[in-house]
Amino acid sequence: LDKFNNSEKSFSNVKKTFREKLKRTEDQFFLKNNGTYTSKQISEAFDYLISNLFSLIARESKFNYENLVICAVGGYGRKEMAPFSDIDLIIVPENEKKGIEIIIKKLLYQLWDMGLKVGYSVRDIYSIKKINNEDLTTQTALLDARKIIGGERLFCNVKKILKSNLSKEKNKIFIDLKNRERIKKLNKNEDKSYLLEPNIKESLGGLRDLNTIFWIFKTINKTSNLEILYKKNVISDLEKNKLRKSLDFILTLRIYMHYLSKRANDKLTFDLQYSIANIMKYRAKDNNLKVERLMRHYFLNVRNIRNLMEYITQVAFLYAEKKEYSKQKIFTKGAVIEENCIKIINKKLFLNNAENFINIFLDVDEKNLQIHPETYRFLYHELSKVKIQIFQKKKILEKFKK
């Protein structure tokens, strides 16, 4: 009985410390409005809870937890948790011994007793190897897998399997399936990005689109770290900053929505808009109410995310299967035709003549081409640097008559 009481005391201490961590995180959030940081702190509080509860259970049961690894997946794996998010776990045992099943149940009972929502699956190494492209939910979840506690050797084996799943051919299939999934959802629900009370997670330009962008980075570039992607010239400095700011803003809104609703909630209702605008100290300006300025900020981020999602998805498709350039002659200097797209391959030559900003659209029209997404991004960045007077030259104006 004394042993049981000591054990209960240890469990209660862990839970008490966990709740204190969450309370400190909440207090700091309402002072600083920092969504990315707060999501990380919430996720790490859950890491503390799960790892310590599991350690106590393993010690009580004389279980060697090197024979099992517990991974966070989904938003928890990305460290993007909101206060009332579900806890998503994948538990990988080394074998199918009955003792492991009992240990897992003990952990889940502790979490359920705290009123936490836990989504979990138990998969051994063999079943992870067998995951195919049709099982899109599990495949996507594993992209964000992060070790919480367990055997390092076993987790290394899991990572090796995940890495082997990211072959070029599988990447192409995965990206295609994610795109189809997104299109199907949009066709079913229509475009609800600009509703007066939007769902900030599922709407086009919301958190799910941001997640998809990072999943594509992980499949093709093997990382979703924005600094690394920038240094590798995968994204520009402007895109890096837009992704970082948009993610932080959407996470900030979502965390406020959870705290104020006291439940998981992704619908930005009128009452929440008003409360959040006040808490975040938006000010009325130029006849715009503070809640209008908050929503303007939100819709600007939606537009940024939508544009980036469109560009990055197209690049991912073209990256997956490259072909030789076409030998067709085109007006645009420094450009070629690739995959029925016009693509700038010599930026210096292109920029030597402002006419090329018009020529490229003549090529698009005359040869029934599309603008390559990388070129579209380049034009978007460079066009703002070109003086408008250049386009008023007679030679260039004549091109508009064609």
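The open sheet I want to talk about has 3 strands in the order E5-E6-E7, with mixed pairing. Strands here are DSSP runs of E with at least two residues, helices are runs of H or I with at least four, and both are numbered from the N terminus. Two strands pair if DSSP finds at least two bridges between them. E5 (335–338) and E7 (370–371) stand at the edges with a single partner strand each, so one side of each has no neighbour in the sheet.

This is a predicted model: local features need pLDDT of at least 70, side-chain atom pairs count only at pLDDT 80 or more, and totals for chains, interfaces and linings use all residues. Residues are numbered from 1 along each chain as its sequence is written, and side-chain values use heavy atoms, with hydrogens and water left out.

Back to the strands. E5 pairs with E6, residues 341–344, in the antiparallel sense over 4 bridges. Val336 has Lys343 in E6 as its bridge partner.

Next, which helix lies across E6 and E7? That is H15, residues 356–366, running at about 160° to E6. H16, residues 373–383, also packs on the sheet; H16 touches E6 and E7, and its direction makes about 55° with that of E6. Contact means heavy atoms within 4.5 Å. Axes are lines fitted to C-alpha atoms, for helices over the stretch in contact, and angles run from 0 to 180 degrees between N-to-C directions.

Now the whole protein. There are 17 helices and 7 strands. Of the 402 residues, 47% count as buried, meaning under 20% relative accessible area with a 1.4 Å probe, protein chains only.

Terms used: Buried < 20%, exposed > 50% of the residue type's maximum accessible area, 1.4 Å probe, protein only.
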